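Please read this briefing with the sequence and the 3D view side by side. The points after the lead are grouped by topic.

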Amino acid sequence: MQIEFKVNGEEYQMDICPTMRLVDLLREKLGLTGTKEGCGEGECGSCTVIMNGKAVNSCLVLAPQIRGQEILTIEALEKNGQMDRLQESFINNGAIQCGYCTPGMLMSAKALLMANSNPSEEEIKIAISGNLCRCTGYNKIVHAIKDAAEG
(Lines give C-alpha, C1' and ligand atoms only; values in the text may rest on other atoms or scores of the structure.)
Protein backbone atom coordinates (compact mmCIF):
# COMPACT_ATOMS: atom_id res chain seq x y z
CA MET A 1 0.00 0.00 0.00
CA GLN A 2 1.32 3.44 -0.89
CA ILE A 3 0.97 6.43 1.46
CA GLU A 4 2.09 10.05 1.54
CA PHE A 5 3.01 11.76 4.79
CA LYS A 6 5.37 14.31 6.29
CA VAL A 7 8.01 13.64 8.95
CA ASN A 8 10.02 16.48 10.49
CA GLY A 9 9.02 18.78 7.65
CA GLU A 10 10.07 16.39 4.89
CA GLU A 11 7.47 14.86 2.57
CA TYR A 12 7.53 11.13 1.89
CA GLN A 13 5.69 8.79 -0.44
CA MET A 14 6.36 5.10 0.08
CA ASP A 15 5.03 1.60 -0.16
CA ILE A 16 4.40 0.03 3.22
CA CYS A 17 2.89 -3.11 4.65
CA PRO A 18 -0.61 -2.29 5.96
CA THR A 19 0.24 -3.86 9.33
CA MET A 20 3.48 -1.90 9.85
CA ARG A 21 3.52 0.27 12.97
CA LEU A 22 4.64 3.90 12.91
CA VAL A 23 7.53 3.18 15.30
CA ASP A 24 8.86 0.58 12.85
CA LEU A 25 8.43 2.88 9.85
CA LEU A 26 10.36 5.63 11.63
CA ARG A 27 13.18 3.42 12.85
CA GLU A 28 13.52 0.87 10.04
CA LYS A 29 12.40 2.70 6.90
CA LEU A 30 13.46 6.27 7.71
CA GLY A 31 16.41 5.58 10.03
CA LEU A 32 15.03 7.87 12.75
CA THR A 33 16.20 5.82 15.71
CA GLY A 34 15.66 8.51 18.35
CA THR A 35 12.14 7.16 18.81
CA LYS A 36 12.54 4.21 21.18
CA GLU A 37 10.31 1.19 21.63
CA GLY A 38 9.84 0.11 25.20
CA CYS A 39 6.77 -1.96 25.92
CA GLY A 40 5.14 -2.09 22.48
CA GLU A 41 1.75 -1.76 24.21
CA GLY A 42 1.34 1.99 24.66
CA GLU A 43 2.07 1.86 28.38
CA CYS A 44 5.58 3.35 28.71
CA GLY A 45 5.60 6.34 26.34
CA SER A 46 9.17 5.74 25.10
CA CYS A 47 7.94 5.82 21.50
CA THR A 48 6.00 9.10 21.79
CA VAL A 49 5.99 11.30 18.70
CA ILE A 50 3.83 14.28 17.77
CA MET A 51 1.18 13.68 15.13
CA ASN A 52 -0.62 16.80 13.95
CA GLY A 53 0.27 18.58 17.19
CA LYS A 54 -0.75 15.76 19.55
CA ALA A 55 1.49 13.37 21.45
CA VAL A 56 0.86 9.76 20.37
CA ASN A 57 2.43 6.39 21.09
CA SER A 58 3.95 5.38 17.77
CA CYS A 59 3.79 1.70 18.74
CA LEU A 60 -0.02 1.95 18.67
CA VAL A 61 -0.33 3.79 15.34
CA LEU A 62 -0.43 1.71 12.18
CA ALA A 63 1.57 3.27 9.36
CA PRO A 64 -1.49 3.59 7.06
CA GLN A 65 -3.02 5.91 9.69
CA ILE A 66 -0.39 8.56 8.98
CA ARG A 67 -1.56 9.08 5.40
CA GLY A 68 -1.64 12.85 4.88
CA GLN A 69 -0.50 13.48 8.45
CA GLU A 70 2.45 15.43 9.85
CA ILE A 71 4.76 13.67 12.28
CA LEU A 72 7.47 15.22 14.46
CA THR A 73 10.10 13.03 16.07
CA ILE A 74 12.83 13.79 18.59
CA GLU A 75 15.17 14.50 15.68
CA ALA A 76 13.04 17.56 14.78
CA LEU A 77 13.88 19.32 18.06
CA GLU A 78 17.47 20.07 17.07
CA LYS A 79 17.84 22.65 14.30
CA ASN A 80 21.12 23.58 12.64
CA GLY A 81 23.14 22.05 15.47
CA GLN A 82 21.15 23.99 18.09
CA MET A 83 19.17 22.06 20.68
CA ASP A 84 15.60 23.03 21.47
CA ARG A 85 15.23 24.96 24.74
CA LEU A 86 13.40 21.93 26.14
CA GLN A 87 16.42 19.70 25.47
CA GLU A 88 18.74 22.24 27.08
CA SER A 89 16.46 22.52 30.08
CA PHE A 90 16.42 18.73 30.56
CA ILE A 91 20.23 18.74 30.57
CA ASN A 92 20.55 21.80 32.82
CA ASN A 93 18.02 20.43 35.33
CA GLY A 94 19.45 16.91 35.51
CA ALA A 95 16.24 15.47 34.06
CA ILE A 96 18.13 12.80 32.12
CA GLN A 97 19.58 9.71 33.69
CA CYS A 98 19.62 6.47 31.69
CA GLY A 99 18.01 8.35 28.79
CA TYR A 100 15.67 5.66 27.53
CA CYS A 101 12.49 7.58 28.37
CA THR A 102 13.95 10.94 27.38
CA PRO A 103 12.82 11.11 23.72
CA GLY A 104 9.24 10.27 24.68
CA MET A 105 9.28 12.67 27.62
CA LEU A 106 10.63 15.45 25.44
CA MET A 107 8.02 14.85 22.75
CA SER A 108 5.15 14.79 25.26
CA ALA A 109 6.49 18.01 26.77
CA LYS A 110 6.95 19.59 23.33
CA ALA A 111 3.34 18.77 22.38
CA LEU A 112 2.20 20.40 25.62
CA LEU A 113 4.26 23.54 25.04
CA MET A 114 3.04 23.78 21.44
CA ALA A 115 -0.54 23.86 22.75
CA ASN A 116 0.10 25.78 25.99
CA SER A 117 3.21 27.93 26.30
CA ASN A 118 2.73 28.52 30.03
CA PRO A 119 1.42 25.30 31.61
CA SER A 120 0.85 24.84 35.31
CA GLU A 121 2.69 22.13 37.20
CA GLU A 122 -0.51 20.05 37.20
CA GLU A 123 -0.85 20.42 33.41
CA ILE A 124 2.77 19.31 33.00
CA LYS A 125 2.17 16.24 35.17
CA ILE A 126 -0.92 15.34 33.13
CA ALA A 127 0.96 15.82 29.83
CA ILE A 128 3.74 13.40 30.83
CA SER A 129 1.49 10.95 32.68
CA GLY A 130 1.74 8.48 29.78
CA ASN A 131 5.54 8.35 30.05
CA LEU A 132 7.27 6.06 32.51
CA CYS A 133 10.68 6.83 33.99
CA ARG A 134 12.42 4.48 36.40
CA CYS A 135 15.37 6.77 37.17
CA THR A 136 14.47 10.38 37.91
CA GLY A 137 11.40 10.34 40.11
CA TYR A 138 9.79 12.87 37.72
CA ASN A 139 10.47 15.98 39.85
CA LYS A 140 13.48 17.05 37.77
CA ILE A 141 11.54 16.39 34.56
CA VAL A 142 8.59 18.52 35.69
CA HIS A 143 10.97 21.26 36.78
CA ALA A 144 12.83 21.14 33.44
CA ILE A 145 9.57 21.51 31.49
CA LYS A 146 8.49 24.41 33.68
CA ASP A 147 11.88 26.10 33.20
CA ALA A 148 11.68 25.64 29.43
CA ALA A 149 8.21 27.18 29.39
CA GLU A 150 9.40 30.16 31.40
CA GLY A 151 12.61 30.56 29.40
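**Briefing: cores, strands and salt bridges**

The cover over the buried residues of helix 1 includes strand 1 (2-7), strand 2 (10-15), strand 3 and strand 5 (70-72). Helices (H or I, at least four residues) and strands (E, at least two) are DSSP runs, numbered from the N terminus. This is a predicted model, in which local features need pLDDT of at least 70 and side-chain atom pairs count only at pLDDT 80 or more, while totals for chains, interfaces and linings use all residues. Residues are numbered from 1 along each chain as its sequence is written, and side-chain values use heavy atoms, with hydrogens and water left out.

**Helix 1**

- Helix 1 covers residues 22-29, and in it Leu-22, Val-23, Asp-24, Leu-25 and Leu-26 are buried. Buried means under 20% relative accessible area, exposed means over 50%, and partly exposed lies in between (1.4 Å probe, protein chains only).
- Just after helix 1, Gly-31 has a positive phi of about 70°.

**Strands 3 and 4**

- Strand 3 (residues 48-51) pairs with strand 4 (residues 54-57) in the antiparallel sense, over 4 bridges. Two strands pair if DSSP finds at least two bridges between them.
- Thr-48 has Asn-57 in strand 4 as its bridge partner.
- The hairpin of strand 3 and strand 4 has 2 residues between the strands, and Asn-52 takes a positive phi near 50° there.

**Nonpolar cores**

- In soluble globular proteins, nonpolar side chains tend to be buried together.
- A nonpolar core is a set of buried Ala, Val, Leu, Ile, Met, Phe, Trp, Tyr and Cys residues joined through side-chain atoms within 4.5 Å.
- The largest nonpolar core has 23 residues, of which Leu-86, Phe-90, Met-105, Leu-106, Ile-128, Ile-141 and Ile-145 touch the most other members. At least two residues of this core come from each of helix 2 (85-92), helix 3 (102-115) and helix 5 (139-150). Helix 3 gives the largest share, 7 residues.
- Another core, of 18 residues, lies apart from this one, and Val-49, Val-56, Val-61 and Ile-71 are among its members.
- Leaving out residues up to four places away in sequence, Ile-128 touches Met-105, Ser-108, Tyr-138, Ile-141, Val-142 and Ile-145. Contact means heavy atoms within 4.5 Å.

**Salt bridges**

- The whole structure holds 4 salt bridges. A salt bridge is a side-chain nitrogen of Lys or Arg within 4 Å of a carboxyl oxygen of Asp or Glu.
- Arg-21, Asp-24 and Glu-37 are linked in a network of salt bridges.
- Asp-24 pairs with Arg-21 in a salt bridge, with the closest N and O atoms 2.9 Å apart. Asp-24 is buried, at a relative accessible area of 17%.
- Arg-21 also forms a salt bridge with Glu-37, where the closest N and O atoms are 2.9 Å apart. This pair links distant parts of the chain, 16 residues apart: Arg-21 is in the loop between strand 2 and helix 1, and Glu-37 is in the loop between helix 1 and strand 3. Glu-37 is partly exposed, with a relative accessible area of 29%.
- Lys-110 forms a salt bridge with Asp-84, the closest N and O atoms being 2.8 Å apart. Lys-110 lies in helix 3 and Asp-84 in the loop between strand 5 and helix 2, so this pair ties together parts that are 26 residues apart in sequence. Asp-84 is buried, with a relative accessible area of 14%.
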